[in-house]
Amino acid sequence: MDNKALISQIQTWARELGFSQIGVTGVDLSSAEPGLLSWLANGFHGDMAYMAAHGLKRARPAELVPGTVSVLTARMDYLPRFTSHATHAATDAASDAASDGDWTDVELQRLQHANEAIVSIYARGRDYHKVMRSRLQKLSERIALHITPLGYRVFTDSAPVLEAELAQRSGQGWRGKHTLVLNREAGSMFFLGEIYLNIDLPPTQETSSHCGSCQACIRRLSDTGHCCALQIGCASLHFIFNHRARWQHSFGVSPLDRQSRLRL
């Protein structure tokens, strides 16, 4: 099986496992190194000391996993097809919006209930780290049946990996002005995972930016007082680590402690 046929077959296997898209890119991320170093130098990682712990290994896949020559990226969308099924606490107006397919109205309506906690959509199912890692492992094992011997390692937020950079380079989407990877079909509501491989696969085509003059994300973040997230690049972790005291005051426990007590 030649490499192009192999990639086509991998895409088929990936869809069977629930992935939305597969991409391939090389390991030369040298052009991303200055941005990473500047981001760290400016202290945008806050209390996330682990972001600086591995130096430039994050931008050098072959140093993190010796022998790596290609990176396979995987996208798994998480927006439920029928969001209204999970919105029993929403108002009638919100439920009507959901039935019309406008899930954003449902979620925004939740914000009107000041005394109710809201779980982010991506966290309403099983722990995505476990789901993604298991499926990536199964995909790797299928590939290994056809490529012997195969060296690989799977990642889902589990090691110093520049996943957004790899996703963009492999055609999963483009970097929006709010720093997230955007996909024309899935927006930014998807999980990313990677498989580092010791085989040389042809890269998939990179996607061009489609933001144009749109400023919607910037306006939204500015309106909510979170414009700093545009530079930090990982808003969820910023809020968890750098607003820990506020969580402690509001809930009597830090978000990381709450997370450790949950078993999804």
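Helices (H or I, at least four residues) and strands (E, at least two) are taken as DSSP runs, numbered from the N terminus. Helix 2 is followed by Gly43, whose phi is positive, near 75°. The model is a predicted one: local features need pLDDT of at least 70, side-chain atom pairs count only at pLDDT 80 or more, and totals for chains, interfaces and linings use all residues. Residues are numbered from 1 along each chain as its sequence is written, and side-chain values use heavy atoms, with hydrogens and water left out.

The protein contains 13 helices and 6 strands. Of its 264 residues, 37% are buried. Here buried means under 20% relative accessible area, exposed means over 50%, and partly exposed lies in between (1.4 Å probe, protein chains only). Contact means heavy atoms within 4.5 Å. Among contacts between residues at least 6 apart in sequence, 71% join residues at least 24 apart.

Helix 2 spans residues 33-41, and its buried residues include Glu33, Leu36, Trp39 and Leu40. These residues cover an arc of only 125° around the axis, which puts them on the same side of helix 2. The arc is that of the directions from the helix axis to the C-beta atoms. An α-helix has 3.6 residues a turn, so residues three or four places apart point the same way. Pro34 and Ala41 are exposed, on the face of helix 2 turned away from its buried side.

Nonpolar cores were identified next. Such a core is a set of buried Ala, Val, Leu, Ile, Met, Phe, Trp, Tyr and Cys residues joined through side-chain atoms within 4.5 Å. The largest has 25 residues, and Ile10, Phe19, Leu72 and Leu139 have the most contacts inside it. At least two residues each come from helix 1 (3-16), strand 1 (21-25), strand 2 (70-77), helix 7 (128-146) and strand 6 (190-197). Helix 7 gives the largest share of this core, 6 residues. A second, separate core has 17 residues, among them Ala32, Leu36, Leu64 and Tyr196.

Not counting residues up to four places away in sequence, Phe19 touches Ala14, Ala74, Arg75, Met76, Met132, Arg135, Leu136 and Leu139. Ser20 is found in the loop between helix 1 and strand 1. Ser20 is partly exposed, with a relative accessible area of 33%. Leaving aside neighbours within four places in sequence, Ser20 is in contact with Arg75, Met76 and Asp77. The C-alpha atoms of Ser20 and Arg75 are separated by 5.5 Å, although the two residues are 55 apart along the chain.

Strand 6 is largely enclosed by the rest of the structure, because 8 of its 8 residues are buried. Phe190, Leu192, Glu194 and Tyr196 point one way from strand 6, whereas Phe191, Gly193, Ile195 and Leu197 point the other way. Strands pair if DSSP finds at least two bridges between them. Strand 2 and strand 6 pair in the antiparallel sense over 8 bridges. Asp77 stands opposite Phe190 of strand 6. Strand 3 (residues 152-155) also pairs with strand 6 in the antiparallel sense, over 4 bridges. There, Arg153 has Tyr196 as its bridge partner.

Ser140 lies in helix 7. Ser140 is buried, with a relative accessible area of 1%. Leaving aside neighbours within four places in sequence, Ser140 is in contact with Leu150, Tyr152, Val154 and Ile195.

Aromatic pairs were assigned from ring geometry. Rings of Phe, Tyr and Trp (its six-membered ring) pair if their centres lie within 6.5 Å; planes under 30 degrees apart count as stacked, over 60 as edge-to-face and the rest as tilted. The count comes to 5 aromatic pairs. The rings of Tyr122 and Tyr128 have centres 6.2 Å apart and planes at 75°, so this pair is edge-to-face. Tyr122 is partly exposed, with a relative accessible area of 32%, whereas Tyr128 is buried, at 16%. The rings of Tyr128 and Phe191 are stacked, because their centres are 4.3 Å apart and their planes are at 5°. This pair links distant parts of the chain, with Tyr128 in helix 7 and Phe191 in strand 6, 63 residues apart. Phe191 is buried, with a relative accessible area of 9%. Tyr78, Tyr122, Tyr128 and Phe191 form one aromatic cluster.

A charge sits over a ring if NZ of Lys or CZ of Arg is within 6 Å of the ring centre and within 35 degrees of the ring normal. The charged end of Arg75 sits over the ring of Phe190, 5.8 Å from its centre.
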